[in-house]
Amino acid sequence: MSADNSCADVSVPLRNLLNSVQGVRDRVKDGESNESNGVFNLSNFWDTLMQAVKAASQEATKLSLAFSKPPLPTQEDGEKFAESIQKSVLALSTVYYWLPKSHGITLRRLVRDATAEVLDGIVQLVDVIVSSPLQSLSQEQLQSTGGVWSACDQFAHLPRDNRAAVLGVLASYIGVVKDAIEEMEQAQAESQDPFSDVLDDEDQDSRGNQDTYWSEEDRQLMAPCQGLMKASAACLRKLLSAVKANGNVSIPETVAQLDDLADISKEISPSVDDLVLSLYPPMDYSGVDQNACKLTLVLKKVLDIIRVSHVCLEADLNWVQFLNGALDHNLQKIKGLIQGSS
């Protein structure tokens, strides 16, 4: 048999494998968990999932090594490799489906995304091998193999329950809001045009001072807007502390409340970003008014959900009430300054 025919023969099971893994990956991204009336043990789930991840990594490594140097595997060997990877992929996806929604939507999303990333990595690796199965180990194949390893390594760092998952996403939201606040403070502190690093000289000349610098009225308006941003960060920090101290994942009702808190809090950082963008010169006061109202509405909704959730103890009502008052104060000040300037 010629080398070309051999290459064609071994490509057949690999192409079939590629289509199969793509199908499994797509179902994982879109599929639902298998809710059952039986007892679900989260600790056993993680043990089994980690074994499935390890197996998928090992099978991907074997495949990559087999196609890293001559001689090329036979069609029979290719079929065996494809079957082994297929089994590991199905096992991994099956274990993921075991995780019921009642143990947390936030947790399940993270596990789903991590599982899909492993499957994406295997798809990419098989595709690279199918495209160039002969001769030496290519840089692209090395990178694809490393991508599978990296995706599998993620599982060791995933949160193990919904409380930990929610804490992780809240921390990420805090980081985004903190960056937005620092961006605006830095822009205010700089004496030069905030757009000087993105515009050339000709553009800057055509803009004129009124388009590139804040007026005194603008700067007065920015103070209460920054107050809303800081209230956003404070709300997220206080919520994170409350979830850390009081978050309960022992019953489905409290697990669902944690998901609600994570979902509503996700609206804060985009609303802060919108407000920040409207503050850059030339400042559009109607846009500032609209975005300030939107951010205030989002934060009040978050505070309302916090107030009735299990993470809010009686002592926490003080900061919830304080932040509500801070929102009203800053929004009223914003509206007063905008009306006074018109």
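User: Which exposed residues sit on the face of helix 5 turned away from its buried side?
Analyst: Gln139, Gln143 and Asp153. Exposed means over 50% relative accessible area, buried under 20%, and partly exposed in between, with a 1.4 Å probe and protein chains only. Helices here are DSSP runs of H or I with at least four residues, numbered from the N terminus.

User: Before I go on, what kind of model is this?
Analyst: It's a predicted model: local features need pLDDT of at least 70, side-chain atom pairs count only at pLDDT 80 or more, and totals for chains, interfaces and linings use all residues. Residues are numbered from 1 along each chain as its sequence is written, and side-chain values use heavy atoms, with hydrogens and water left out.

User: OK, back to helix 5. Which of its residues are buried?
Analyst: Gln141, Ser144, Thr145, Val148, Ala151 and Cys152. Looking down the helix axis, those buried residues fall within an arc of 125 degrees, so they line one face of helix 5. The arc is taken from the directions from the helix axis to the C-beta atoms.

User: What covers that buried side?
Analyst: The cover includes helix 2 (42-66) and helix 4 (105-131).

User: How far does helix 5 reach from end to end?
Analyst: Helix 5 covers residues 139-153, and its 15 residues reach 21 Å from first C-alpha to last, close to the 21 Å expected at 1.5 Å a residue. The expected span is 1.5 Å times one less than the number of residues.

User: Switching to helix 2: is Glu59 buried or exposed?
Analyst: Glu59 is in helix 2, and it counts as buried because its relative accessibility is 15%. Setting aside neighbours within four places in sequence, Glu59 is in contact (heavy atoms within 4.5 Å) with Ser84, Ile85 and Ser88. Ile85 and Ser88 are among the buried residues of helix 3.

User: Now the core. How many residues are in the largest nonpolar one?
Analyst: It has 55, and Val243, Leu275, Leu279 and Ile306 have the most contacts inside it. A nonpolar core is a set of buried Ala, Val, Leu, Ile, Met, Phe, Trp, Tyr and Cys residues joined through side-chain atoms within 4.5 Å.

User: Which helix gives the most to it?
Analyst: Helix 9, with 14 residues. Apart from this core lies another, of 45 residues, among them Val28, Val53, Ala82 and Ala116.

User: What does Leu275 touch?
Analyst: Beyond its neighbours within four places in sequence, Leu275 is in contact with Cys225, Leu228, Met229, Val288, Asn291, Ala292 and Leu295.

User: Where's Asn291, then?
Analyst: In helix 12, residues 285-307. Asn291 is buried, with a relative accessible area of 14%. A polar atom of the Asn291 side chain lies 3.4 Å from the backbone oxygen of Asp274.

User: Last one: which peptide bond is cis?
Analyst: The one from Pro281 to Pro282, with omega near 0 degrees. Pro282 is in the loop between helix 11 and helix 12. Most peptide bonds are trans.

Methods:
Helices (H or I, at least four residues) and strands (E, at least two) are DSSP runs, numbered from the N terminus. A polar contact is a pair of N or O atoms within 3.5 Å; within protein, one must be able to donate a hydrogen and the other to accept it, and residues adjacent in sequence count only if both atoms are side-chain atoms.
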